[in-house]
Amino acid sequence: MAVNVEGEMTEESQGFPNIIELNVGGRHFSTTHLTLTKHQDTMLGTMFSGKFPCIHDKDGRYFIDADGESFEHILRYLRLNELPPVSLMEKVYKDAVYFGLNDLIHELELQPSIMAKLMRDKFYSRLDGFPGALNEILHQAGNPEIMHKSYPSTTVVVSALELEHKPKSEEFDVNHVCVCAKSTKEADVKLKPWKQFAEVGAEEYVRALKSNLEERGFVVVYHHIGNCSYSCTLPPQGRSSSHRKQNCATLFFALVFHWTKM
């Protein structure tokens, strides 16, 4: 087995030519074995380490099942430590994670667009039931019956009750049906009571839903449309001889999807 002066295996001994021809998602690249194995602890370093068999296309190129456009910038980083243009940073970041390129991941996470997205995703992850609420809202927004009646916009009514405002009195009927006092309408989507953090209330939660929808490309606005109409009378407490009234603290919001340019 051939070794170099430092006692390491040469490229030829690993079974790879000096120049590597690649097919990445249908795009063809030429690079060196040294570039691909620059970082040994990555997916590329492992693929071209000689320890595992590689896949070839019909023309004998090494095949990598990844996005060719992103890979162009992956190669430029491996060759020159050059970061991708801002417009492609998020796309390349996903592929950097896929390939396990920790140095590139770290550099991209310090860029404004990636850092902002990571912060938003971290915020969303701390909102109880957030992914499920989004899916319910999108399901309702795409309901053919609703869209047929309301095009070119669709309104999804969302109700929200903060956990700290959930009533504890025995007289309060916790099983009542929440109906918006102003519209006499039940919610299309009901947000489950969540544990607050950093003073995130109902409106902040709905605003986060709106922001996430906008990130996905939807044109959506929201507004508060009222409170639940339910209330009950509580017996006197302490020295007071008068009865007290307790209202349901559930809030109603309208998320309006616009399907044409505003």
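Helices here are DSSP runs of H or I with at least four residues, numbered from the N terminus. Keep in mind that you are looking at a predicted model.

**The whole chain**

Start with everything on screen. The protein chain holds nine helices and nine strands. Of its 262 residues, 37% count as buried. Now think about contacts between residues at least 6 apart in sequence: 66% of them join residues at least 24 apart.

**Stop one: I114**

Select I114, which lies in helix α6. Is I114 buried or exposed? With a relative accessible area of 3%, I114 is buried, since anything under 20% gets that label. E90 and I114 are 24 residues apart along the chain, yet 6.3 Å separates their C-alpha atoms. Show the other contacts too: setting aside neighbours within four places in sequence, I114 is in contact with M89, E90, Y93, L108 and E109.

**Stop two: helix α4**

Colour residues 89-99, which form helix α4. Which residues of α4 are buried? They are M89, V92, Y93, D95, A96 and F99. These buried residues pack against α2 (43-47), β3 (62-64), α3, α5 (102-108) and α6. Just after α4, click on G100, which takes a positive phi of about 70°.

Two packed helices are described by the angle between their axes and the distance between the axes. Since angles of 65 to 115 degrees count as roughly perpendicular, that is how α3 and α4 sit relative to each other.

Show the side chains where they touch. From α3 come E69, S70, F71, H73 and I74, and they meet K91, V92, D95, A96 and F99 of α4. Sorted by class, this contact has five nonpolar, two polar and three charged residues.

**Stop four: T35**

Jump to helix α1, residues 33-36, and pick out T35. T35 counts as buried, at 14% relative accessibility. Show T32 as well: a polar contact of 2.8 Å joins the side chains of T32 and T35. What else does T35 touch, not counting residues up to four places away in sequence? Select L75, L78 and R79 to see.

**Stop five: helix α9**

Now highlight residues 202-215, which make up α9. This helix has 14 residues and reaches 20 Å from its first C-alpha to its last, close to the 20 Å expected at 1.5 Å a residue. Its buried residues are A202, Y205, V206, A208, L209, K210, N212 and L213. What covers them? The cover includes the helices α6 (112-125) and α7 (130-141), along with the strands β4 (153-160), β5 (189-191), β6 (219-227) and β9 (251-258).

**Last stop: H176**

Finish in the loop between β4 and β5, where you'll find H176. H176 is buried, with a relative accessible area of 14%. Look for D173 as well: its backbone oxygen lies 2.6 Å from a polar atom of the H176 side chain. Then select C228, Y230 and C248, which are in contact with H176 once neighbours within four places in sequence are left aside.

Methods:
Residues are numbered from 1 along each chain as its sequence is written. This is a predicted model: local features need pLDDT of at least 70, side-chain atom pairs count only at pLDDT 80 or more; totals for chains, interfaces and linings use all residues. Side-chain values use heavy atoms; hydrogens and water are left out. Axes are lines fitted to C-alpha atoms, for helices over the stretch in contact, and angles run from 0 to 180 degrees between N-to-C directions. Helices (H or I, at least four residues) and strands (E, at least two) are DSSP runs, numbered from the N terminus. Angles under 35 degrees count as roughly parallel, over 145 as roughly antiparallel, 65 to 115 as roughly perpendicular and the rest as oblique. Contact means heavy atoms within 4.5 Å. Ala, Val, Leu, Ile, Met, Phe, Trp, Tyr, Cys and Pro count as nonpolar, Asp, Glu, Lys and Arg as charged, and the others, Gly among them, as polar. The expected span of a helix is 1.5 Å times one less than its number of residues. Buried means under 20% relative accessible area, exposed over 50%, partly exposed in between (1.4 Å probe, protein chains only). A polar contact is a pair of N or O atoms within 3.5 Å; within protein, one must be able to donate a hydrogen and the other to accept it, and residues adjacent in sequence count only if both atoms are side-chain atoms.
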